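Visitor: I would like to go through this model and hear what stands behind each label. Please show it first.

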Amino acid sequence: MTSLSLPEACKLALLSQGLSAGAFKGAGINKTLAAIEKLGYVQIDTLSVVQRAHHHLLWSRNAGYRLEHLDALIERKQVFEYWSHAAAYLPMSQYRFSLPRKAALRSGEQNHWHRKDPRLMTQVLDRIRAEGPLMAKDFDSPGSQRHEWSGTPYKAALQNLFMQGDLMVVAREKFHKVYDLTERALPDGVDTRTPDSSEYARFLVLGYLRAHGLGSLAEFTYLLKGVKPCVALAVAEMVEEGVLRPVEVGGAPYFTTDLALALLERRLSRKEARILSPFDNLLIQRRRATALFGFDYQLECYLPKASRQYGYFCLPVLWDGRLVARADCKAHRQQKHLQVISLHIEPGLRRRDAFMLALEQELSRFAEFNDCHRVSIEQVR
């Protein structure tokens with residue numbers, strides 16, 4: 001079994017994630033699409049303390065990223081919305097691998113959090129078929145009853161139809177979803193063959209390794225229901241075939257590919273700091289971030305104020321190949337002010353002056369990305 005040091009494993013993860021200069025070819029929107037195809041998904045989030053997570057993540061990989069890129073890629077039918085481990089933008093080139101989950105939800109093999117109302121779902125489908133794309137608010141009436149936590153029964157019906165594949169999101173207006181029939185939303189020529197369990201399992205493993213460089217069985221199947229046995233079988237087969245290579249990092253078993261290992265020949269950008277989203281693909285699996293980077297991270301906005309250690313919306317900071325700090329940020333957009341409420345530096349950081357210089361440069365870029373002209377750091381801990 002090949003052994004990798006922790007620094008090598010971290011370097012492999014960062015290079016695979018496209019967190020180094022020149023990771024993606026092309027310019028502008030084409031580079032944005034290349035990043036989404038490499039990463040496999042970009043998580044959508046509604047929090048807007050700073051720029052929303054899906055925009056933030058893509059800006060971290062593409063200095064030329066613009067907020068309109070995602071809407072344009074949806075309109076071009078090169079990207080679509082669906083579910084990864086959470087709501088996400090996914091590349092249309094991988095559309096067919098969303099079909100197993102949709103089939104399981106349609107058949108009842110898996111359950112969504114909304115209870116199905118077949119009569120209402122049929123009404124919704126018929127209306128969209130006749131009228132064209134609609135939003136949830138188009139179904140509201142003055143007497144509409146609220147349904148659980150999610151809004152009206154119509155919103156639940158739309159979400160069920162979306163999750164089981166009858167509807168797709170074709171646009172967003174002020175962040176509200178616009179739904180249309182799937183057959184009208186898909187581009188011509190897209191592959192709609194449902195993969196069998198073996199093909200789907202291999203896709204999950206190889207897609208993860210393309211995006212992360214190395215991974216474990218638990219990481220390949222993170223928050224995915226009912227796939228662990230077939231993924232374990234696929235991993236064993238691919239090891240036997242020589243497609244996967246077992247590796248050891250700090251005594252823990254992982255898997256990688258020769259193509260991923262070849263990335264270690266490339267240089268990693270170490271001088272620039274990167275401010276990452278809390279929902280960045282690099283560290284969304286918190287146990288992995290702790291194991292590889294020694295970075296025990298939790299987004300604390302979901303905790304009571306008294307339980308927070310670092311702040312409401314602390315952003316991980318990458319520098320010199322490590323996660324070395326957390327910046328509790330807030331964008332005051334009307335005042336054009338990016339406030340760093342507190343900056344927490346990890347113990348053991350060396351060359352602190354060099355890090356602070358790199359961080360100041362990154363904060364200037366991050367402020368501009370958040371449409372702010374002024375930056376302040378209130379305290380450093």
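Visitor: Why is Val380 called partly exposed?

Guide: In this predicted model, Val380 has a relative accessible area of 38%. Buried means under 20% and exposed means over 50%, so Val380, at 38%, is partly exposed.

Visitor: How do you know whether the radius of gyration of the protein chain agrees with that of a compact globule?

Guide: A compact globule with 381 residues would have a radius of gyration near 21 Å, and the protein chain has 22 Å, so the value agrees. The C-alpha trace spans about 65 × 60 × 45 Å along its principal axes. Buried residues make up 52% of the protein chain.

Visitor: What makes up the largest nonpolar core?

Guide: The largest nonpolar core has 104 residues, and Ile128, Leu282, Phe293, Leu338 and Phe355 have the most contacts inside it. Helix α14 (residues 352-369) gives the most to this core, with eight residues. A second, separate core has 15 residues, including Tyr200 and Phe255.

Visitor: Which residues is Ile128 in contact with, leaving aside neighbours within four places in sequence?

Guide: Among them are Leu134, Phe139, Leu158 and Tyr179, as well as Asp180 and Arg184. Contact means heavy atoms within 4.5 Å, so each of these residues has a heavy atom within 4.5 Å of one in Ile128.

Methods
Residues numbered from 1 in each chain as written. Predicted model: local features only at pLDDT ≥ 70, side-chain atom pairs only at ≥ 80, totals over all residues. Heavy atoms only, no water. Buried < 20%, exposed > 50% of the residue type's maximum accessible area, 1.4 Å probe, protein only. Core = buried A, V, L, I, M, F, W, Y, C linked by side-chain atoms within 4.5 Å. Helix = DSSP H or I, 4+ residues; strand = E, 2+ residues; numbered from the N terminus. Rg over C-alpha atoms; globule rule 2.2 N^0.38 Å.
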